Amino acid sequence: MASCSNCCPKISPIIHIFVFFLFFIAQSQSQSFNATNQNLRPQNLSKKLKYISDYLMKINKPAVKTIKSPDGDIFDCVLTHQQPAFDHPLLKGQMPMDPPERPKGLRTTTTTTSDTFSENFQTWTQSDESCPENTIPVRRTTEQDLLRASSIRRFGRKIRRPIRRDSSSNGHEHAVGYVSGDQYYGAKASINVWAPRVANKYEFSLSQMWVIGGSFGDDLNTIEAGWQVSPEIYGDNYPRFFTYWTSDAYQATGCYNLLCSGFVQTNNRIAIGAAISPTSSYNGGQFDISLLIWKDPKHGNWWLEFGNGVLVGYWPTFLFTHLRDRANMVQFGGEIVNSRSSGSHTSTQMGSGHFAREGFGKASYFRNLQVVDWDNSLIPLSNLRVLADHSNCYDIRGGINRVWGNYFYYGGPGRNSRCP
């Protein structure tokens with residue numbers, strides 16, 4: 001890994017020509033663009049390229065330092081107060097908040113090994129290169145990222161879909177554990193990391209936590225964090241650490257990672273959207289990441305912590321409606337997209353790609369599931385329910401023991417003899 005002093009995000013005339021070339025390739029290969037888009041007139045193409053140029057200038061902030069990752073990603077070290085979040089009118093001219101009071105009941109240690117392990121779980125950090133103090137690493141968005149997207153104007157956003165766990169889920173299939181019916185102020189879990197196969201670039205496979213407020217209508221609020229494999233967003237099949245949020249059921253608000261003004265990052269050693277390494281292997285080593293989301297009792301912001309006390313940043317409370325107060329549901333688990341592009345169920349894998357019954361070392365897991373209560377205390381789950389909406393394709397099995405607390409195994413291969 002090395003510094004990249006000439007990796008400027010500005011678009012040169014040569015790159016414009018290259019973008020034209022890539023655009024026509026993408027147009028000819030994409031099944032999602034309609035006939036109108038495939039026969040773009042020069043003036044429409046010019047507008048699209050102008051939109052791409054303007055978007056990149058807006059989202060890629062000036063860099064104090066630039067780092068090239070071994071996996072091909074470029075990370076710009078951006079001054080903390082110049083990150084995309086501070087484009088929001090309510091944050092302009094401000095600085096990030098101070099760290100909040102952590103939930104009671106957290107196990108705390110001061111071992112160097114734990115801290116080093118926590119901050120070196122990503123490929124880009126596997127050298128002596130890092131971002132200076134008072135900056136954060138931001139994965140650079142490229143022309144190729146935008147041209148690869150099924151919708152340039154919705155780049156970095158999830159497609160709006162029903163969140164109910166049933167067969168009408170618009171191609172989104174889940175295997176989740178969840179709690180509801182109470183007031184929740186956060187959640188914590190350790191999430192097993194794998195590199196599942198994703199069948200095509202417009203599908204994804206993810207494992208995450210959802211902190212949910214509101215009903216399941218247009219007022220849905222969610223905060224989400226975990227790992228995902230998404231060829232459309234990232235251009236590869238690496239599992240990547242990600243965040244998401246919405247305050248209107250994925251309609252107009254929210255985005256992945258730092259691709260809009262929303263999440264405020266405070267950590268200079270963790271890059272949201274960066275590849276995770278190592279990953280788990282079948283009958284081999286197992287790797288998981290611990291994530292904690294909780295509501296700051298003093299200021300109301302929702303903070304994200306990785307590992308043992310490593311703060312990543314926060315979602316400002318003003319982004320939300322229902323989540324300004326509390327959550328009324330917490331979910332943990334896996335989600336995939338089934339596009340049925342070949343006329344049959346997708347072979348995109350969830351978790352490890354193996355069913356829950358195979359157990360440790362073979363099936364993917366969530367462990368040590370907890371929630372944060374009204375008193376800012378971490379407590380065990382009292383009524384965890386599990387649900388797989390396509391159990392012949394992906395399933396889930398829950399349990400509890402003295403070492404892992406509440407846990408479950410989940411996942412599957414997708415298309416098989418029982419899931420045609």
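**Figure 1. The bond between Cys255 and Cys260 is a left-handed disulfide.** The torsion about the S-S bond of Cys255 and Cys260 is about -80°, which makes this disulfide left-handed. In this predicted model, the sulfur atoms of Cys255 and Cys260 sit 2.1 Å apart.

**Figure 2. Cys77 and Cys131 are joined by a disulfide.** Here the S to S distance is 2.1 Å. Which hand does the disulfide of Cys77 and Cys131 have? With a torsion of about -80° about the S-S bond, the disulfide of Cys77 and Cys131 is left-handed. Cys77 belongs to strand β3 (residues 74–79), while Cys131 is found in the loop between α4 (112–119) and β4 (135–139), so the pair ties together parts that are 54 residues apart in sequence. Cys77 is buried, and Cys131 is buried as well.

**Figure 3. A right-handed disulfide links Cys393 and Cys419.** The torsion about the S-S bond of Cys393 and Cys419 is about 95°, so this disulfide is right-handed. Where in the chain do Cys393 and Cys419 lie? Cys393 is in the loop between β17 (385–388) and β18 (395–401), and Cys419 is in the segment after β19 (405–411); the pair links distant parts of the chain, 26 residues apart. The sulfur atoms of Cys393 and Cys419 are 2.0 Å apart.

**Figure 4. A closer look at the burial of Cys393 and Cys419.** Are these two cysteines buried or exposed? Cys393 has a relative accessible area of 5% and counts as buried, because buried means under 20% relative accessible area. For Cys419 the relative accessible area is 2%, so Cys419 is buried too.

**Figure 5. The setting of the close-ups within the whole protein.** How many disulfides does the model contain? The count comes to 3 disulfides. Around them, the secondary structure of the protein amounts to 6 helices and 19 strands. Of the 420 residues in the protein, 56% are buried. Among contacts in the protein with a separation of 6 or more, 74% are between residues 24 or more positions apart.

Conventions: Residues numbered from 1 in each chain as written. Predicted model: local features only at pLDDT ≥ 70, side-chain atom pairs only at ≥ 80, totals over all residues. Heavy atoms only, no water. Disulfide = S-S within 2.5 Å. Helix = DSSP H or I, 4+ residues; strand = E, 2+ residues; numbered from the N terminus. Buried < 20%, exposed > 50% of the residue type's maximum accessible area, 1.4 Å probe, protein only. Contact = heavy atoms within 4.5 Å.
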